[in-house]
Number of protein chains: 2
Amino acid sequence: MPETSNLPLTETTTLILLSLAPGPSHGYAIMKDVHTLSEERVALSTGTLYGALNRLLEQGWIERVDDPQPNSTRRERKAYRLSAVGRSILIEELDRLESLNTIARQRLSPGGYGDTQQP
Amino acid sequence: MPETSNLPLTETTTLILLSLAPGPSHGYAIMKDVHTLSEERVALSTGTLYGALNRLLEQGWIERVDDPQPNSTRRERKAYRLSAVGRSILIEELDRLESLNTIARQRLSPGGYGDTQQP
DNA sequence: ATCATATATGTCGTTGTGCGACACATTGAC
DNA sequence: GTCAATGTGTCGCACAACGACATATATGAT
């Protein structure tokens, strides 16, 4: 195994990978999708987006693909696809999220426990 | 409302707040607790820990408390307690984690959907 | 006695990441 | 003609995590 751990992913990375999960897309579309997908909470700036895309390319978590809409009217667009590695890392991250959440809820709710907050 | 959003928290921050949720503790104990609590995944370095603690103090998410064990043999220890603000932010973060995870699982599994991975 | 390990807190420099600001080009609506 | 939306990109700032280093006491083993 070359890398011991890639986790945790940043929220930006997670959302970009997730946005690419159903199929290939391009920068601007990812930006908008991440916004809806995050319930309007996350608005990626272009600096964040293109920086992250290049990083993900270098890491091999996403790959370049031919523009799916290369018709006459459309101007330049660069499309990306989630790689197999990217997909499995995304799943690892979601597992992390899930287990962290579970453990945390246990700590927070254990009826009749702690709360040593000055008696 | 003074701040629009504090989220997302970093994993480090989340785990520290979570470690303080049941009751006050001090640096070294938090370090060890975070390790078990994260299922041995996260080993905080002291640089991260004390940097984070000071940041959290400044933000008012945690507070200093008297050392609960100031007996003779024990040496200097600084104890911290989760503040009300810190507690509610932790809960917000857990809600974020939960909803992100839910949304993501929907995207990833919706049997018979996407996977436009070269037909 | 001495040595290693655990407990305990802290600083410093490097690196990665997010982000706002800026820049530029095309297309469609008014 | 002009404005918003689409589309890609760069640059510099700030902040967080991290490893390395520094310091000191307590405990258990040899």
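# Questions on the two-chain model

Tutor: B:Pro8 sits in the segment before helix H1 (11–20) of chain B. The model is predicted: local features need pLDDT of at least 70, side-chain atom pairs count only at pLDDT 80 or more, totals for chains, interfaces and linings use all residues, and side-chain values use heavy atoms, with hydrogens and water left out. Residues are numbered from 1 along each chain as its sequence is written, with chains lettered from A and ligands numbered from 1 in the order in which they are written.

Student: What makes 11–20 of chain B a helix here?

Tutor: A helix is a DSSP run of H or I with at least four residues, and a strand is a run of E with at least two; both are numbered from the N terminus. Residues 11–20 of chain B therefore count as H1.

Student: What is the peptide bond from B:Leu7 to B:Pro8, cis or trans?

Tutor: Cis, with omega near -5°. In chain A, the bond from A:Leu7 to A:Pro8 is cis as well, with omega near -5°. A:Pro8 lies in the segment before helix H1 (11–20) of chain A.

Student: How do you know that S1 and S3 of chain A pair?

Tutor: Pairing requires at least two bridges found by DSSP. Two bridges join S1(A) to strand S3 (residues 79–82), so the pair qualifies. The two strands run antiparallel. A:Ser25 stands opposite A:Tyr80 in S3(A).

Student: Which elements of chain A does helix H3 touch on the sheet?

Tutor: Helix H3 (residues 46–59) touches S2 and S3 of chain A. Contact means heavy atoms within 4.5 Å. The direction of H3 makes about 100° with that of S2(A). That angle rests on lines fitted to C-alpha atoms, for helices over the stretch in contact, and is taken from 0 to 180 degrees between N-to-C directions.

Student: Why are S1 and S2 of chain B called edge strands?

Tutor: The open sheet has the order S1-S3-S2 (chain B), with antiparallel pairing. Strand S1 (25–26) and strand S2 (62–65) of chain B each have a single partner strand, so one side of each lacks a neighbour in the sheet. Two bridges join S1(B) to S3 (residues 79–82) of chain B. B:His26 has B:Ala79 as its bridge partner in S3(B).

Student: How do you know that the two copies are related as by a two-fold axis?

Tutor: Superposition is by least squares on C-alpha atoms of residues with pLDDT of at least 70 in both copies. A rotation of 180° with 0.0 Å of shift along its axis places chain B on chain A, with RMSD 0.0 Å. The relation is thus that of a two-fold rotation axis. In chain B, the C-alpha nearest the axis belongs to B:Leu97, 3.1 Å from it. The same surface serves both copies, with 100% of the contact residues of chain B recurring in chain A.

Student: What makes a space in this model a cavity?

Tutor: On a 1 Å grid over the protein atoms alone, a cavity is a set of points where a 1.4 Å probe fits but cannot get out. Points are joined across faces, edges and corners, and the volume is the space filled by probe spheres set on them. One cavity of 30 Å³ or more is counted. The largest cavity has a volume of about 40 Å³.

Student: Which residues line the largest cavity?

Tutor: Lining residues have an atom within 4 Å of a point. They are A:Ser99, A:Leu100, A:Ile103, B:Leu37, B:Ser38, B:Glu39 and B:Arg41. Helix H4 (residues 84–108) of chain A gives the largest share, three residues.

Student: What sets B:Glu39 apart in its backbone?

Tutor: B:Glu39 has phi near 60°, a positive value in a residue other than glycine. B:Glu39 lies in the loop between helix H2 (27–37) and helix H3 (46–59) of chain B.

Technical notes: On a 1 Å grid over the protein atoms alone, a cavity is a set of points where a 1.4 Å probe fits but cannot get out, and a pocket is an open set with protein on both sides within 12 Å along at least five of seven lines; lining residues have an atom within 4 Å of a point.
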